[in-house]
Amino acid sequence: MSETPFLEVKNLSKTYEVRRLFRGKAFVRALDGVSFQLQKGKTLAIVGESGCGKSTLAKCLMRIEKPTGGEIRLGGRRLEDIPVREWWRNVQMIFQDPYSSLNPRKKVIDLIAEPLVIAGGFSKNEIRVRAKAMMAKVGLRPEFEERYPHMLSGGQRQRVGIARALILKPQLLICDEPVSALDISIQAQVLNLLMDLQDEFGLTYLFISHDLSLVRHIADDVLVMYLGQVMELGSREKVLFDPQHPYTKALLASHPDFDKALNGQLTLEGELPSPLNPPVGCPFQSRCPRVMAVCRERRPPLFEVKSRECACHLYTPDPSDSARVSPV
Amino acid sequence: MSSGGAVESPMTAPSSFGEFWFVFSRNRGAVVGLAIVALFAFLAIAAPWIAPYDPALISDGALLKPPFWSEGGEPGFWLGTDDVGRDLLSRLIYGARVSMAVGFLVVVVSLAVGTLLGLVGGYAGGWIDAVIMRLMDILMSLPSILLAIVVVTVLGQSLVNAILAVSITVIPGFVRLVRAQVLVEKSKPYVIASRTFGAGPMRQIFINILPNCMAPVIVQGTLGFSDGILNVAALGFLGLGAQPPTAEWGTMLSDARSFIESAPWLVTLPGLCILILVLGFNLLGDGLRDALDPRLQK
């Protein structure tokens, strides 16, 4: 981890202001001090329940939303120093819903060619040739060229989405739940396609998912998020097969594929607390089976435990001293 | 897309014409409407060839002749003549010309302006949207015929000004419709995706969003036809629209109203023409809406 990371996110925050009638403003902390690093050619999976800020993170990285705090660096350069068009040539995204993310009135070939058309500088012929080549790469047969999205299956649509995202030859691909809208049998195909493309183009993936078995399949590193904060971050082996944070344990225990020993020990009850007024202290306290007094008072910092980072007072060396340890 | 009610996208997939026609033709009212509109359109286009007389031709010997089926009717004047001896049938046929043209122009003007304002307001949001929408609220708060009268009074009495006036009163409907549609479309992932390829506002508005908003606009346009025809006829009746001797149904009604007892066909027939044509457009509009909106399909 000594070289410059390809993507570096430091202390990223995104706060939405909510205006409520008669009750003044409220703030939703969608992202709260998120930090991680991603090396070139690797895959980082972001895991968490819905509403934990995964998609906000994707939007900030796609520059669809402006972060309210923190820093993003791509190849060592600050996000603010990179013109947005250049950013989008390097960072692209695959959307969750393959239905609404394709313009229903455009043909497949035009959908895939759209980024090239907008980028400009290519002849009509060149655009067509490139789009066709990309179709072949993602496994779409040439006869789909002239079809409209509604004539395609979900898997085929998502292939169109992937082809479109890759045609500008980006280096970082943000996959926002890319297969969650697909049938299980198709999920594996698309996932394998993504992994093949990663090898071929040397892509770096930020893979957002709530499906732990997918994550186990594709990720190098795993980041577990809860209420906009990082709970646990480390390599796949460490986080998924030797989880330390009670939340990670609970997530894994709810999944039949993972460590049977965890089964039944921990179950997640209730729902995420409202991000409108998050609890003071640890965000997970309201559902944590091992909650302590200090959890209700102080937010645990990210701390290195068994070669991964974990934010839990169970592992803070001296909980009363935790304020001294600054988050990474 | 086969999951029935769970489909939230109100998009009309670019269905083939055959598919559209299949749904449309099952709606009997819509087919009748289409037939009526087609008939009047034919009359309007072919007026010079099928009308037996010039609409302004005055026949001295034939004043207030009744239609041929009633007593005293002359075979030469099928639907009778008016108070100065002009053939009513010819005037009605030429009147179709005026009404179709009026309807068309009203729709073209208001649809163009309304769609543009709706697109800009919906896409830009913020104060631009607020200004446009408040202006439209003001227009909508005035009774449309009153507003049209004001506009005509300011601009002067003529058919062109009447068309302009009526167009203005129809604009808010289009603006609201298009804006609402744009608000739905612009937050869809395909628009956001396009933005991440670097698409600028022009491309977003006209290439991505507009085509996906068109189905309801086409329907509203068809209904706008009938609004336009009705309102211009009303202005004509009030003497603020087409001026004599133009054969316009509303003006004809107004000219003939003093003869309502002695020569009832003079008011009845132009009135029936307005009724039937407006009904035709409304039926057609309803049919189009049913055929273009997949949510209404069983």
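Predicted model: local features only at pLDDT ≥ 70, side-chain atom pairs only at ≥ 80, totals over all residues.
**Chain B: the helix pair and the chain as a whole**

Two packed helices are described by the angle between their axes and the distance between the axes. For helix 3 (residues 88-124) and helix 8 (residues 201-237) of chain B, the axes come within 7 Å and cross at roughly 145 degrees. On the side of helix 3 of chain B, the contact includes B:Ser99, B:Gly103, B:Val106, B:Ser110, B:Leu111 and B:Tyr123. Helix 8 of chain B contributes, among others, B:Pro201, B:Ile205, B:Leu210, B:Gly221, B:Gly224, B:Phe225 and B:Gly228. Sorted by class, this contact between helix 3 and helix 8 of chain B holds 14 nonpolar and 8 polar residues, and no charged ones.

The secondary structure of chain B consists of 10 helices and 0 strands. The C-alpha trace of chain B spans about 75 × 45 × 30 Å along its principal axes. Chain B has 298 residues, of which 45% count as buried. Among contacts in chain B with a separation of 6 or more, 70% are between residues 24 or more positions apart.

**Where chain B meets chain A**

The contact takes 19 residues from chain B and 21 residues from chain A. On the chain B side, helix 7 (189-195) and helix 8 each supply at least two residues. Helix 7 of chain B gives the largest share, 5 residues. By class, the chain B side of this contact divides into 11 nonpolar, 6 polar and 2 charged residues.

**Chain A: the four-stranded sheet**

Strands of a sheet pair through backbone hydrogen bonds, either parallel or antiparallel. In chain A, an open sheet of 4 strands has the order 2-1-4-5, and its pairing is antiparallel. Strand 2 and strand 5 of chain A are the edge strands, each pairing on one side only. Strand 1 (residues 7-20) and strand 4 (residues 69-74) of chain A are joined by 5 bridges. Strand 4 of chain A is also joined to strand 5 (residues 77-78) of chain A, by 2 bridges. The hairpin of strand 4 and strand 5 of chain A has 2 residues between the strands, and A:Gly75 takes a positive phi near 55 degrees there.

| Residue | Bridge partner | Strand of the partner |
|---|---|---|
| A:Glu8 | A:Arg73 | strand 4 of chain A |
| A:Lys10 | A:Glu71 | strand 4 of chain A |
| A:Arg73 | A:Arg78 | strand 5 of chain A |
| A:Val222 | A:Gly234 | strand 10 of chain A |

Helix 1 (residues 54-61) of chain A lies across strand 1, strand 2 and strand 4 of chain A, and runs at about 70 degrees to strand 2.

A:Val28 is found in strand 2 (residues 24-38) of chain A. Is A:Val28 buried or partly exposed? A residue counts as buried with 20 or more other C-beta atoms within 10 Å and as exposed with 12 or fewer; A:Val28 has 17 such neighbours, so A:Val28 counts as partly exposed. Beyond residues up to four places away in sequence, A:Val28 touches A:Thr15, A:Tyr16, A:Val18, A:Pro275 and A:Leu276. A:Pro278 is 250 residues from A:Val28 along the chain, yet their C-alpha atoms are separated by 8.6 Å.

**Chain A: the eight-stranded sheet**

The open sheet of 8 strands in chain A has the order 6-7-8-3-9-10-12-11, with mixed pairing. Strand 6 (91-94) and strand 11 (303-305) of chain A each have a single partner strand, so one side of each is left without a neighbour in the sheet. On average, neighbouring strands of this sheet are turned by 20 degrees against each other, direction ignored. Strand 9 (residues 221-226) and strand 10 (residues 229-235) of chain A run antiparallel and are joined by 6 bridges. Helix 5 (residues 154-166) of chain A packs on the sheet, where it touches strand 6 and strand 7 (172-176) of chain A. The direction of helix 5 makes about 175 degrees with that of strand 6 of chain A.

**The nonpolar core**

The largest nonpolar core has 160 residues, and A:Ile112, A:Ala163, A:Leu206 and A:Leu223 touch the most other members. Helix 3 of chain B supplies the largest share of this core, 15 residues. Apart from neighbours within four places in sequence, A:Leu206 is in contact with A:Leu38, A:Leu44, A:Ile46, A:Leu61, A:Leu172, A:Ile174 and A:Cys175.

Technical notes
Residues numbered from 1 in each chain as written. Chains lettered and ligands numbered in written order. Axes fitted to C-alpha atoms, helices over the stretch in contact; angles between N-to-C directions. Contact = placed C-beta atoms within 7 Å. Nonpolar A, V, L, I, M, F, W, Y, C, P; charged D, E, K, R; others polar. Pairing = 2+ DSSP bridges. Core = buried A, V, L, I, M, F, W, Y, C linked by C-beta atoms within 7 Å.
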